[in-house]
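Dear colleague,

Please find below the structure that I am handing over to you. My findings follow directly after it.

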Amino acid sequence: MSGGARVRQRQRQRLIDACISALHIYGPSRTTVEKVVALADLSPGIVRFYFDSKAAMLVASLEYLAAEFEERVLIPVARLKDHPVRALRLLVDLYLDADIASPRKVSVWYAFWGEASARQEYQDICGKKDDEFAALVRELMERMIAVSGARHLDADGVALGLIGVLEVLWQSIAFQSEANIDRAAAVERSLKYLRSVFPGQFDAQATPGDAGLAAGHGAGGEAPTGQPAPPGARRLPSQAYADARLLALEREQLLRPAWQLLGHEAELRASGDFLTGELAAERALLVRGDRGRLHVFRSAIRCASHSLTYSFDGRLVAGGTPGDLTPLEMLRAGPLIFARSVATGAATSAAAATSVAAAATASSPSLPPAGWDDFAALVPRAVADFEATADWKVLVEQWLENLEPQQQFVTPNQLLELHPEGALILQVVPVAPGRSRIRRFDYAARTAAGKSGRGSWRRRMNAWLHQQIELAESTQAGLAGGMDESAEAAPVAPALARFRETIAGLLRSLREAESTLG
């Protein structure tokens with residue numbers, strides 16, 4: 001894909017994302033092109049380049065949500081239909097995932113359904129999504145009945161029961177803020193329904209095989225020699241790369257306490273200049289205020305609306321919605337600016353949470369690797385995002401397994417490379433189980449060599465990054481097919497072993513929490 005095509009693709013997706021946010025705020029009838037472009041921070045005229053009308057933009061937004069639901073819920077669950085217990089557990093996790101079932105997206109689904117009686121396009125898209133979901137659930141129930149021997153059960157009735165439970169939970173999500181949603185409790189309520197229908201099939205306690213998997217070993221829990229595998233010597237179990245519950249724990253206990261790069265101070269020259277970034281399933285807004293002061297807030301997409309006005313310190317000064325912007329922690333490392341959200345949940349034991357938080361901040365910019373000050377001699381060149389159909393942990397493992405001398409890893413998810421001609425920082429964040437987004441920050445030396453030298457280095461980095469993504473996607477596909485790796489013959493890098501042990505600790509905590517609930 002050419003550079004121009006990528007720009008157009010990003011702009012179109014930016015409009016769709018803004019349209020979904022506008023629908024969440026205003027509903028279909030009160031959503032206008034002007035409100036969408038205000039949220040997207042684009043000029044009104046650009047909409048006509050991608051969509052013939054407002055109606056076409058609304059349909060494209062609904063099609064995007066339907067395609068996302070198919071790709072991230074229906075397809076992964078269908079791959080496991082030969083193992084109906086695992087498939088139904090995954091279905092519940094994905095259906096209630098914080099990204100798929102965010103208040104923003106759920107409210108938009110209901111908004112479109114409310115208009116479906118008057119718009120055939122909406123009815124067709126929503127109906128197809130619901131029909132495919134119902135057919136998948138019914139097939140899984142048929143398989144469960146066959147596995148359990150409960151021939152007296154009616155697959156249609158049992159399937160409708162689960163769909164009804166999930167629907168009620170979605171309705172409650174639509175009218176809450178994310179901070180007030182207890183997703184673990186929602187998942188547990190769904191599993192209780194399944195346990196009531198299929199006793200003994202969805203017990204919360206881990207099986208003996210699960211205990212070995214939670215520890216980061218194979219089903220037998222031992223290396224082929226009969227000796228326990230050393231910590232970090234094995235890849236994590238394949239389930240760890242597609243587990244929504246583990247991902248929620250990783251976000252809460254590992255990513256949220258960690259410092260995440262937002263940008264370079266040179267990108268914020270004037271009062272009102274701003275940058276945005278991702279902090280574990282929430283957005284951060286970095287803005288230059290009066291007298292040159294910098295502020296970081298938890299970003300509310302609605303604040304971009306023309307009807308709301310905030311001061312540079314985050315106070316709401318005009319508009320019809322209550323509440324100021326929530327400040328986040330900020331840190332400077334040389335000319336680079338980082339932010340973090342340090343609140344953590346209670347899903348793990350206190351000891352586990354302490355160890356995970358320590359791992360997340362051990363190499364943070366507060367105790368940085370050598371090189372942050374070198375960025376004072378560099379200027380920001382570009383920022384680009386890349387989607388990868390691979391879990392974020394796969395990419396981190398690749399980096400740690402083959403760390404080059406000029407590269408430094410910042411726990412838990414950032415890679416730094418310094419070069420005489422510039423620098424590169426990669427930041428990988430989870431989008432969903434088995435999917436991630438890589439943000440690439442490029443910096444150029446003020447007094448670099450000629451254009452040919454710079455081009456050569458950047459071309460090498462472009463090729464390397466694309467190879468990394470292709471390798472990660474290939475690995476993820478193998479893991480989805482049930483591939484598990486045995487203990488490695490050679491010792492693994494200490495940083496890789498530590499990373500795997502950190503994730504294995506989260507897995508153990510998750511199993512302990514499930515056992516307690518059971």
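In this predicted model, strands E2, E3 and E4 form an open sheet of three strands in the order E2-E3-E4, and the pairing is antiparallel. Strand E2 (274-278) and strand E4 (294-298) are the edge strands, each of them pairing on one side only. Between neighbouring strands of this sheet the turn is 20° on average, direction ignored. E2 and strand E3 (residues 283-288) run antiparallel and are joined by five bridges. Leu275, for instance, has Leu286 in E3 as its bridge partner.

Leaving aside residues up to four places away in sequence, Gln414 touches Trp259, Gln260, Leu261, Phe338, Trp399, Gln408, Phe409, Leu426 and Gln427.

The loop between strand E10 (407-410) and E11 contains Pro412, and the peptide bond leading from Thr411 to Pro412 is cis, with omega near 5°. In the loop between helix H2 (33-40) and helix H3 (47-50) lies Asp41. The phi angle of Asp41 is near 55°, which is a positive value in a residue other than glycine.

With kind regards

Note on methods:
Residues are numbered from 1 along each chain as its sequence is written. This is a predicted model: local features need pLDDT of at least 70, side-chain atom pairs count only at pLDDT 80 or more; totals for chains, interfaces and linings use all residues. Side-chain values use heavy atoms; hydrogens and water are left out. Contact means heavy atoms within 4.5 Å. Helices (H or I, at least four residues) and strands (E, at least two) are DSSP runs, numbered from the N terminus. Two strands pair if DSSP finds at least two bridges between them. Axes are lines fitted to C-alpha atoms, for helices over the stretch in contact, and angles run from 0 to 180 degrees between N-to-C directions.
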